[in-house]
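Here are a few notes to read alongside the structure. Please keep it open and find each place as you go.

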Amino acid sequence: MKIVIVGTGYVGLVTGACLAEVGTEVVCVDVMEQKIENLKKGILPIYEPGLDAIVQRNFQKGRLQFSTSLAESILGAEVAFIAVGTPPGEDGSADLKYVLQVAETIGAHMQNYLVVVTKSTVPVGTAAKVKGAIANALAARKSNLSYDVASNPEFLKEGAAIDDFLKPDRIVIGVESAQAEERLRKLYHPFVLNGHPILFMDIPSAEMTKYAANAMLATKISFMNDIANLCELAGANVNEVRKGIGSDPRIGNKFIYPGIGYGGSCFPKDVKALVRTAKDYGYQLRILQSVEDVNDDQKNVLFNKIKKHYGNESLAGKTFALWGLSFKPNTDDMREAPSLVLIESLLAVGAKVQAYDPVAMKEAKHMLGDKITYATDAAGALTNADALLLVTEWNEFRLPDWKQVKENLKDAVLFDGRNIYEAKELAEKGFTYYCIGVNN
Ligand code: UDX
């Protein structure tokens with residue numbers, strides 16, 4: 001089967017590489033020439049563990065190709081995935097400009113029956129718009145070629161995307177014809193040999209499923225952050241409460257870790273977009289609006305603890321060592337990262353930041369420039385700093401040499417935004433230790 005994937009961003013590239021890996025003939029298309037040239041040389045635009053090896057292997061075998069021409073690539077394709085960006089507009093709604101442009105180009109150049117699948121996270125009703133855009137383009141060339149649209153949202157976690165794609169919990173596909181269903185079932189068959197289901201449903205339900213999944217996960221996090229804040233006031237320890245509730249299988253022990261707020265390219269954008277969609281239908285998603293409000297506040301939690309610790313002492317001129325910049329470990333993604341909010345707050349009061357991240361330094365420099373200084377390793381960030389801030393829980397920060405940390409810092413003060421250290425152990429080693437959701 002030959003397929004085309006339009007958009008070589010995160011989703012498009014992972015999808016293309018993984019489909020090629022099981023033997024499908026894939027052409028990944030992007031308008032950015034430099035990106036396509038780089039991909040042909042094996043240079044990837046993003047950091048994702050394992051992706052480079054899969055891209056290189058399948059490119060060399062000729063199963064994965066890269067092109068800037070959608071018009072040429074679409075010829076003979078049986079399925080076309082649209083995986084271009086849907087950046088949030090000012091009002092939080094997803095901007096469908098690029099999705100619909102691609103649909104038009106497909107309609108203008110396709111030569112055979114085609115299933116056109118939206119893979120980008122798009123609001124309910126987008127597949128219908130894609131269908132309309134293709135119909136218009138076909139009408140303009142007086143063609144009566146038949147085609148189907150479908151919706152196939154992705155559930156990829158950055159840092160674990162290859163595994164998520166190759167061994168999915170489920171594959172959700174919205175279709176409106178038996179022919180499209182059959183074709184997509186064939187395409188995805190190699191990925192459900194583990195017995196997990198392909199869930200076929202109507203198109204609006206598939207589109208809604210993606211938002212509902214992300215909204216539910218974001219809700220779990222904001223709920224726990226809210227409880228964590230109350231724990232601090234009430235003298236409880238959220239680390240114990242988390243275990244206490246997580247062992248109830250109806251609640252589950254995943255995604256209930258308090259922290260400094262969720263970030264990344266999905267949760268913030270999708271929560272906003274769903275709230276917006278509801279408004280368009282005259283409905284208020286009250287829980288989800290609160291999820292967003294709690295998250296905005298939570299990004300300031302560490303800064304508030306810093307201010308409280310220093311009391312009347314000015315933060316101007318103080319230096320903070322910051323470990324971890326990306327929004328979560330195993331990615332270089334800085335989008336909506338809590339680190340950015342914390343850094344801006346510190347800089348605004350005249351403090352200095354010395355940061356280190358195992359992978360995201362390049363991205364961070366791109367966004368923050370010389371507003372902060374960048375250390376070459378974790379220990380380097382500590383030199384002459386007044387305190388250490390743990391922002392992203394990369395593995396390499398989990399077991400530090402505490403003696404060295406203490407020697408390098410001016411004061412043994414540690415603010416842990418991810419609750420990865422043992423309060424008791426640090427107290428014994430002479431640290432003043434703060435974390436989330438514990439009365440300290
Ligand atoms: C998410 C979804 O998991 C994925 O299914 C969807 O397709 C895209 O969005 P991703 O954004 O890559 O994936 O990150 P994820 O691992 O889900 O983490 C999101 C954010 O939540 C991170 O900032 C993380 O630090 C935070 N988080 C996660 C918590 O604060 N507590 C938790 O218990 C779990």
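1. Let us start with a definition: Ala, Val, Leu, Ile, Met, Phe, Trp, Tyr, Cys and Pro count as nonpolar, Asp, Glu, Lys and Arg as charged, and the others, Gly among them, as polar. Sorted this way, the shell around the ligand holds 11 nonpolar, 4 polar and 4 charged residues.

2. Please remember that this is a predicted model, in which local features need pLDDT of at least 70, side-chain atom pairs count only at pLDDT 80 or more, and totals for chains, interfaces and linings use all residues. Residues are numbered from 1 along each chain as its sequence is written.

3. Which residues come nearest to the ligand? Of the 19 around it, they are Glu158, Tyr257, Tyr262, Gly264 and Cys266. A residue is near a molecule if its C-beta atom, placed from the backbone, lies within 6 Å of it.

4. Helix H9 (residues 203-234) gives the largest share of the ligand's shell, 3 residues. Helices (H or I, at least four residues) and strands (E, at least two) are DSSP runs, numbered from the N terminus. Domain 1 (2-201) and domain 2 (211-297) each supply at least three residues to the shell; these bounds come from an automatic or database domain assignment.

5. Now look at phenylalanine 255, in the loop between helix H10 (238-246) and helix H11 (267-280). Its phi is near 65 degrees, a positive value in a residue other than glycine.
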